[in-house]
Amino acid sequence: MKQEVKFQAPESSHLHESPLRRRYGSDEMKKIWDPQNLWLKVRDVWVANARAQKGAGLVRPAELRDLIKHRSEIDIDDIERREMDRTYRDEVTGESKYTGHDVIAAIAEFGERATVGSRIIHQGMTSEDALSNAEMGLIHESFDLLERRIVDVLARFAGHIDNYKDMVCMGYTHLQAAEPTTVGYRMARYAQDFLNDLHLIQTVRPLLKTKGMKGTVGTSASYSALLEGTGLTVEDFEKQVMEELGLEAVLISAQTYPRKFTYLAMTMLASVGQSAHQFATDTKILQFSDVNQAAEARDKEDLGSSYMPWKKNPRHSESTKSLTRGLPGKVSEAWHSASEGTLERGLEDSAGKREYLSSAFIIADEALLRVGKILDGFKVKEGPIKKSLDHYLPFFTLGGLMMELQRRGADRTAVHALFAKHALTAQDAIDFTGQNPLIELVCTETKLHNLMTEEELRDYFGTFEPNVGNAPSQCTRFLKQELLPAIQQYNK
C-alpha cells in the first residue's frame with residue numbers, strides 16, 4: 001500500500017503576520033502601533049511615576065536615574081516569551097521566566113536591565129495605570145498623524161476645486177443623467193465631507209482623556225496609602241505624572257480609561273473611512289470604460305491584468321473601498337467593549353481591542369494616503385464630458401422650457417406629463433436607432449403652439465446653455481470661507 005505523505009508546513013518564526021500591517025499603512029502609523037512603542041510608553045509611565053514619587057521621598061535619585069538610563073533598552077521578544085511561553089527558562093539558573101501576564105513580564109524584563117531601579121518599577125500601580133495611559137498616548141499620536149493626512153488631502157482638493165469650478169459636466173442622480181453641475185462643485189462636496197471629519201476629530205479629541213493614576217478600581221487607594229505622610233496628595237501626584245506624559249486624566253474612571261473613548265475613536269475613524277469610501281466609489285464609476293470621464297493616478301508599471309494588457313484598473317479607488325468597508329465593524333466591536341464591561345472592569349474589552357484599535361488607525365491612514373494618490377494624478381477628461389453633455393442637452397433643456405411655458409400660462413402638470421411621454425419615446429429611439437428625435441417631437445407638438453410657436457421652440461433648444469446655477473461662486477465661497485482657512489489654521 002502506498003504510504004500517505006502528509007504535508008508539513010515549513011518552520012517560520014512568524015506563525016501569523018497580519019496582512020494588513022504588512023501591506024498597508026505608512027511606516028509612521030505602523031511605528032506608532034509597534035509593540036515596542038507601546039512598551040516604551042509604558043516605561044515612560046513608570047519613569048514619570050518614579051519621578052513624582054522621588055519628590056515625595058519614596059524613590060532614591062539613583063533609582064530614577066537607572067530607569068531613565070535603561071529606558072530605551074528593550075527586548076520585545078523577551079517580554080512576549082515571558083508572557084506566553086510556558087517553557088521559557090533562565091539559561092543559567094533554569095528557573096522559569098514564564099509569567100502569563102503581559103505587564104508582569106515587562107516589569108521583569110525591564111528590571112533585569114535597570115537593576116538599581118528595579119525595586120521601584122511599577123510602585124503603587126496596577127497594570128492599567130501603565131497600559132491605559134500608554135495606549136491613550138498612542139491614540140493621540142495616531143490622531144496627530146491623521147489630522148495631518150486629512151489636511152494634506154484637503155489641500156489637494158482645494159487645487160482641483162479652484163481649477164475645475166467652471167468646468168461644466170453632467171450631474172447624475174440615481175446614476176441617471178440629471179442636470180449639469182461642475183467638476184469643481186462635485187469635488188467641493190467630497191472635500192466638505194473630509195473637512196467635517198477634521199472638525200469632528202478636533203472637537204471630539206479633547207474628550208479622549210486618559211485614566212491617570214487611579215489604581216485598581218479608580219479610587220487611587222494604593223496611592224493614598226503610598227503617599228501617606230509624604231505631604232504629596234494623590235491629586236498633585238497624578239497631575240505631575242500627567243504633565244510629564246503630556247496627557248490629561250479624567251476625574252472619574254474604573255480600572256481602565258473609559259471605554260467609551262475607544263468607541264468615540266472608532267466612530268471618528270469610521271467617519272473618515274466613509275468619506276474616503278464615497279469618494280473612491282464615485283471615482284471608480286467615473287473611470288468606467290463607458291463613462292470614461294476621469295482617471296486616477298497610475299504608475300506606468302501598474303498592470304491591470306495578467307491576461308489583458310490594455311486594462312487600466314482603478315486600483316487605488318478599489319483598494320480604498322476594500323479597506324474602509326471594515327471600519328463600521330470595528331465601531332461595533334468598540335461599542336460592545338464599552339457596553340459590556342462589567343462593573344469596574346472585565347476582560348471583554350481586551351482581546352478584540354488588541355486587533356481592532358491598531359487596525360482601524362492603519363486602515364484610516366492607508367485610505368487617506370490612497371485618496372491623496374488619486375488626487376495627485378487625477379485627470380479630468382474633457383472630451384467624454386463634452387460628449388455626455390451634448391448627448392443629454394436636449395433632455396435637460398426640458399426643465400428650463402417647462403418653466404418658460406409656465407410663465408406663459410401653461411399648466412405645469414400637463415406640460416410635465418407631455419414632456420415625460422416625448423422623453424421616453426426619444427430614449428427608446430436612441431436605444432434602438434442611435435438617433436434622438438426629442439427636439440422634433442417637442443417642437444412639432446401642437447398642444448404647445450398656442451403658447452410658443454414651433455420656431456420659438458426650436459430657437460429655445462438652439463440657444464439653451466447648460467445651467468449650473470451658482471456652482472462656480474459656491475466653490476469660491478467654500479474655498480475662501482471654509483476650506484482654505486481650515487488648512488491655514490492647522491498649518492499655523
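Biologist: Is Phe-237 buried or exposed?

Modeller: Some background first: this is a predicted model, where local features need pLDDT of at least 70, side-chain atom pairs count only at pLDDT 80 or more, and totals for chains, interfaces and linings use all residues. Residues are numbered from 1 along each chain as its sequence is written, and side-chain values use heavy atoms, leaving out hydrogens and water. Buried means under 20% relative accessible area, exposed over 50%, and partly exposed in between, with a 1.4 Å probe and protein chains only. Phe-237 has 0% relative accessibility, so the residue counts as buried.

Biologist: Thanks! How many aromatic pairs are there?

Modeller: Rings of Phe, Tyr and Trp (its six-membered ring) pair if their centres lie within 6.5 Å; planes under 30 degrees apart count as stacked, over 60 as edge-to-face and the rest as tilted. By this rule, the count of aromatic pairs is 8.

Biologist: Which helices hold Tyr-223 and Phe-237?

Modeller: These two rings form a tilted pair, 5.1 Å centre to centre with 35° between the planes. Helices are DSSP runs (H or I, at least four residues), numbered from the N terminus. Tyr-223 and Phe-237 are 14 residues apart in sequence, so their pair ties together helix 9 and helix 10.

Biologist: Is Tyr-392 buried or partly exposed?

Modeller: Tyr-392 pairs with Phe-395, tilted at 55° and 6.5 Å centre to centre. Both lie in helix 15, 3 residues apart, which means about one helical turn separates them. Phe-395 is buried at 14%, whereas Tyr-392, at 28% relative accessibility, is partly exposed.

Terms used: Helix = DSSP H or I, 4+ residues; strand = E, 2+ residues; numbered from the N terminus.
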